[in-house]
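Here's a friendly tour of a two-part question: what sits inside, and what touches what? Take a look at the picture before reading on.

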Amino acid sequence: MRRGLAKALLLLVILALLPAAVGGAPSRTPSNVLVIGTSIQDIVSLDPAQAFEFRSTWVVEHIYDTLVEFSRDFSRALPGLATSWTASADLKTYTFRLRPGVRFHSGNSVDAQAVEFSLRRVMRLKLSPAFIITDFVKSPDDIVAVGTDQVRVTFNQAMPEILMASVLDNPVSSVVDPALVRRNAAAGDPEANKWVTENDAGSGPYVLRRWTRNAVVELVAFDSYWRGRPSMGRIFMQDLIEPAAQLLALQRGDIDVAMSLLPGQYRQLQNTPGFVVKQTPTFTLRYLAMNVGYEPFSSRQVRNAVKYAIDYDAIKRIYEDTIDVGQTIVPARMFAHLADRPYQRNLERARALMREAGREAGFRATLAVSTEVPLPDIAAKIKEDLAAINIQVDVQVLRAADVLGQYRGRTHHMVIARWGADYPDPDNLAKAFADFDSRVLAWRNQWDHPVKQIVKQAVQEADRVKREALYKEIQKVVLEEGPYAVFAYPLRLIAMRSNVKGVDPSPLAETFDLTSASKE
Amino acid sequence: MWAYIVRRLALASLAVAGVLVIVFFLSHIIPGDPVAAILGPQAPNDVIEDLRRRYGLDRPVPEQFYRFVARLVRGDLGDSLATHRPVIRDLREFLPATIELATAAILIGVLAGLSVGVISAVARGRPLDHAVRFLSLIGLSMPVFWLGLILLFIFYFKLNLVPGPGQLDIFLSRPPTVTGLITVDALLARDFATLWNALGHLLLPAVVLGSHALVGIARITRASMLEVLGQDYVKVARAKGLSERTVVLKHALRNGLLPIITVIGIYYGGLLEGAVLTETVFAWPGLGRYATSAILSQDFAAIMGVTILIALVFSLANLLVDLAYGFLNPKIRYE
């Protein structure tokens, strides 16, 4: 029996010691390699015509090129594949001259036919991000190659340069290699969407070497890139969902950059030598929406009473200071942002507004919120705040799908929601929040206000100063009358080892330009 | 016995069909808009309508069910709304990682659980028994998520004994796919560097995932062994002068295995579907995460695909357990 026991114990000891035999090598990533720890579960397609999620578009931006690019401050368009362009007097037609000698990763030339093919392909496929083009270009025939080195795009409205760049700098407008697409087309998939989803048909600074779903994306620098080879030879995006595991990997040196830590973990690293935490504003909003179709919220006074009852500073504390408090629908750093912040918690004012509306006795309302941290806590805080003006809130913590179901179905009373700019122009926000006819947020909250006419006017306005004034006017109206209590402009936090340089996240995509990254 | 197996398989098919009907209608009754959920808050209405039409989600639920069954008969599980790919392809991609993890976990659970259970039973009432039972209690009450992070902290971060999260070092490429199981494929390709690396990555999540099975099997083993060790035939064996080792391992353990085999089968099925937390902590690209995201976004086709798979695994595990009874106890006859 003793021998049996001894064997069993030996087995346990072996099991306990086995890790030592297969231990990982002490780590620090090589100097020409950048490893980014992030969740890549949202990458479902790398076809520019389909990619619409943060990480998908991040990868697409580095595999593909676009005709134009934005300046860092989003104030003007810069040359990309197009070296120059001219616009017609009515700003509806742009003609782009292409950069000579640019080649796809396959070795094929990037020419006007490729640009025409790519943009028309997006319109034919009509997948999630296609609206970014189809909202402004009526028909595929409005995109025409003129010879081999010029492309003419006719928009359905006047397009100030920033708006033109908003469309043509977007990843959906990336230029794909027509020869590769045609070669991989199949019956039932004439645009080779399935193939382009998983393969590289671009001319961008990086070549897609591999994408293993939910595991890793590997990019390799394109030696013949027209701007010159990027400094990081290889980039890995490693799927690490759990923040604590991501933190350990960063501290161990297995990853160079961590994209999704918790606020407390960022704070911990801020005070740790050898690590840097970057904090960047984003073009996203968090807001409380009130459905005007629910009778109490049809009153402007009631909506404003809600805005005055909310304790914005407390919400900032719940976010552990990872937000800026802002109240207008165009976020800070975007063109035409209005910095007004009229609402502070003021219960007297809020109660007076409730009295004015004849709602002194209050009412009941539901508040739908998703399980995403810390939204349920914010909902609880808002419930407490509104109880002070006799609005009894039933908080419904639901799956994001269910919250959206209510919101899109217009069956909600209140929801806590987010909006991120699809392109860096106030038109995107104004259309969503103020133009009922666009059937987005104003429509969902049943708020049909004459301000929509200003939205339609502003997007056509070519004069930059007048345009800015119009968007500020829209923001003021929405702030004072709209069914939204905007309470946060979230910040994007990224932690990295201190030898990583050139990481400067864009407020639009919340990601950063990999070509400017380097290591010391 | 073959007639028995055929009958059991037929019954299992009925059970799977029943599960399918229930899950299909339940998942469609739950409120929420899967297309809107997948496309996010900013997708335009016409894009949503278009996708809804494309996936047949604009049809009445009974018609959707009819279409689902018609496709299923042809071996087509439909396309996932989230990944835009055939569900069968997703399952083929994500299932092997979970099978690899769950199999390693159950092996650890069975080997260690049986050993601990037997030791505890033999040493009944002694300090060793108390220590084992105390540790079992701790093991059973420790959340998998927390255990995973603690082990990562100690063995990966502090001691540098195991590699970090993930199924394979990112600098290594997967071996050519034959079975989809990285360890097996690496072995078939005689790529021992990759095999070694994959085993290193597998170890910690397997220990974490197998810990609950280990404790459960140890407890059942102890209880079963205590019952058997008190039987007359064990006393007779001892009286015959057989060594204690022979008495415990040949006479007692074999007879005590029946209830243990039952829980092993159940645990294995549970590990396959319940690996989600371990997969999250260890960034394991498996079925658990796929299933969770499918459920959260109401990706009907993916939910049904995972349901069929899990139902089949449970049915097969049960059948294997029943067949194992006959092997362990010749008195059992299959009729």
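## Ground rules

This is a predicted model, where local features need pLDDT of at least 70, side-chain atom pairs count only at pLDDT 80 or more, and totals for chains, interfaces and linings use all residues. Residues are numbered from 1 along each chain as its sequence is written, while chains are lettered from A and ligands numbered from 1 in the order in which they are written.

## Helix 8 of chain A

Helices here are DSSP runs (H or I, at least four residues), strands are too (E, at least two), and both are numbered from the N terminus. Helix 8 of chain A covers residues 243-252, and its buried residues include Ala245(A), Leu247(A) and Leu250(A). Buried means 20 or more other C-beta atoms lie within 10 Å of the residue's own, with C-beta atoms placed from the backbone.

Those buried residues pack against several elements, among them strand 18 (484-497) of chain A and helix 7 (144-158) of chain B.

## Where the chains meet

In chain A, 51 residues are in contact with 56 residues of chain B; contact means C-beta atoms, placed from the backbone, within 7 Å. Helix 1 of chain A gives the largest share of chain A's side, 10 residues.

## Two domains

An automatic or database domain assignment sets the bounds: domain 1 (65-177) and domain 2 (284-491) of chain A. Even so, 13 residues of domain 1 of chain A are in contact with 11 residues of domain 2 of chain A.

Conventions
Buried ≥ 20, exposed ≤ 12 C-beta atoms within 10 Å, placed from the backbone. Contact = placed C-beta atoms within 7 Å.
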